[in-house]
Amino acid sequence: MSTEALRIVWIYPDLLSTYGDRGNLLILARRAADRGIPVETYEIRSDQRMPNGADIYLIGGGEDGPQALAAQRLLADGGLHQAVARGASVLSICAGYQLLGHSFYAKGAKCAGLGLLDISSDRGETRAVGELRGDIDPRLGLPPLTGFENHGGRTHVGQHAAPLARVTGGIGNDGQTEGAWAGKILGTYSHGPALARNPAIADLLLRWSTGADRLAPLDDSWTEQLRNERLTAASPARPV
Amino acid sequence: MILTVWQRDVTFASGTLAGVTDGKMPLIAKVATSVSKTAAALSRAAGRGDGSVIGGWIGLKIDPDLLAHLASGRAVALVSGTNGKTTTTRLTAAAVGVLGRVATNSFGANMPTGHTSALAREGHTPFAVLEVDEHYLAQVIDATRPKVVALLNLSRDQLDRAKEVAMMAQLWKTTLAGHPEIKVVANADDPMVVWAASASPQTTWFSAGQRWLDDSFVCPESGHPIERAQGEWWCTGCPLRRPRPQWVVEDEGVIDPRGDWHLVKLQLPGKVNIGNAATALAVAGEFGVRPIEALPRLARVASIAGRYAQVDKDGRNIRLLLAKNPASWLEAFDMADQAPTLLSINARDPDGLDTSWLYDVDFSPLRDRPVLITGDRAYDLAVRLQVNQVPFRHVQSFDEALAAVPPGRLEVIANYTAFQDIRAELDRVN
């Protein structure tokens, strides 16, 4: 890996890429390239060593079996832990979000997570499927979150992490809060290509990784129309 | 919406009319059949649809065993999989037609209501070829006692409501293990299908290629990675590997189990349809049909429920391609000419509510042609195309799209309800 370019790793696309998760890699790379930031992207399969020197790590959604396997491999590998210790940023989605926590459930069994985020997950009584909307933690200074959720888990956020958003539509962690963040690690139930509807989160990851205070604006007019449409479509939050 | 009602309400009570059949349909089944046909005719006359669902729905309400009664005495083939079901069913029905009349659900109504309507509509036929939604395969096998089941492929499709791929494969495997009498015709190139079909003692394998690989990198048996090279695949952790196929697509034709190559001439576009034809020949082969007999019939199939249909309007030659999920979008790009292309995306119930699959499709093949976009979820598509660096123009309606392109070919690629909307604009072209 060269030292100048922004290095983005997509973790285990062979295991965790259920629905459009590649989109986050494509969007980050495009938004960096459009600003003249050179980018190198790496797709690391589960039978490869996880590099510890990249800038941004992406981990996506998946079925129970692959989720449990991914957690085992990442624990055994240790590369992602080293990367986080070095200050890398992480965007985790759905199953990938759960496995960054202390524990999660897959195929009815409790599994050990990576412990990189102070969260733990168990099973809800119903599957959360539909539009998700939330007001993001004001400390991050981002516009509202919009996404589509499709998960059976419920997640409890501990003292050493903060919810990513307060839910205003859909379920998220528990009908009250959605996702979590700590340091430069973000997690969300907004599944698949979450950055397509939330380019401000993509830019946050780029700012964290480049150290830039602000980035040149891009033409996001189509994205704005999409965001307005989807934010209106989400129904009000309901506690579960 | 009928669609949601039938999924919830139609169940197959078994044994309620046991002993009454003895070769003839019981009275209640006759009444149900008659009412079912009348309802279908009324639906068509009222312009509400093609009658392929409502008739069966009412019939099954009157006699829950109606599908079993209607299937009794016919030699039945079922066709299931994520993609290519409707086309393969149509081609298989054409091929089996060599032997006699075939009842088939050629409108793509692929749940038990649609099967019931199709069988009721056709009256008694010696053969039936039915497309089956992959979730309903077990149920429909129990009801129709098929001679042959064809398994095409399994890939991601509407995960907001469908079963995940590995669960689907497990369901098939369990079902087939309980029916050793069924001859299974299965795709040797799809590891998920091979794993499911390996539960059957009687399998004929075909090779039609697998363009979409993202759902079969992990072995469903052992969880180890699957490797691929030179058309073969194998699990790195267990004995599961690509079986040697008896039917193989090669160039523009098909090699049969005797090793003879047959040119496949179709009106349907694309390599993928040569693969569908190979599958149809393999299924028909289980009924004793020889390729040389079936091929002229396959060549006469021009369009299927609007798919591949060509319509001339205002000097434009419009061709309709249906693409429902990532794998079928890749196939549509393979079939489409380098001509102005309208993409239309909805996310209504039959489509799945989630549009994230757009990022599983690489739209870059469209960079060399004018692209128009429309549909309920055109903004999702706009953002996707922007990331993919595909220039496009957004239009509000099909008419606006027609006016925006020069005379000549207009390719239309749309997902399910968007396709039906455009088909309605073209007088429900078949």
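Predicted model: local features only at pLDDT ≥ 70, side-chain atom pairs only at ≥ 80, totals over all residues.

Which elements of chain B do the buried residues of α12(B) pack against? I found α10 (271-286), β13 (316-322) and β17 (408-414) of chain B. Helices (H or I, at least four residues) and strands (E, at least two) are DSSP runs, numbered from the N terminus.

Residues are numbered from 1 along each chain as its sequence is written, and chains are lettered from A and ligands numbered from 1 in the order in which they are written.

**Helix α12(B).** I looked up its buried residues (20 or more other C-beta atoms within 10 Å; 12 or fewer is exposed, in between is partly exposed; C-beta atoms are placed from the backbone). In this helix, residues 326-335, they are B:Pro326, B:Ala327, B:Ser328, B:Trp329, B:Glu331 and B:Ala332.

**B:Ala197.** I found this residue in helix α9 (residues 191-197) of chain B. B:Ala197 counts as buried because it has 26 C-beta neighbours inside 10 Å. Contact means C-beta atoms, placed from the backbone, within 7 Å. Leaving aside neighbours within four places in sequence, B:Ala197 is in contact with B:Leu151, B:Leu176, B:Val184, B:Ala186 and B:Thr203. I also checked B:Ala169: it is 28 residues from B:Ala197 in sequence and 8.9 Å away in space, C-alpha to C-alpha.

Of its 201 residues, A:Tyr57 and B:Leu298 touch the most other members. Helix α10(B) gives the largest share, eight residues. Both domains of chain B contribute, so this core lies between them. Leaving aside neighbours within four places in sequence, A:Tyr57 is in contact with A:Val9, A:Ile11, A:Leu80, A:Ala83, A:Ala88 and A:Val90.

**Where the chains meet.** I have 23 residues of chain B in contact with 29 residues of chain A. On the chain B side, helix α13 (residues 378-387) gives the most, with six residues.

Strands β7 (residues 226-229) and β8 (residues 232-235) of chain B run antiparallel, joined by four bridges; strands pair if DSSP finds at least two. B:Arg228 stands opposite B:Trp233. Two residues lie between the strands, and B:Gln230 in the turn has a positive phi of about 50°.

Methods. Contact = placed C-beta atoms within 7 Å. Core = buried A, V, L, I, M, F, W, Y, C linked by C-beta atoms within 7 Å. Domains from an automatic or database assignment.
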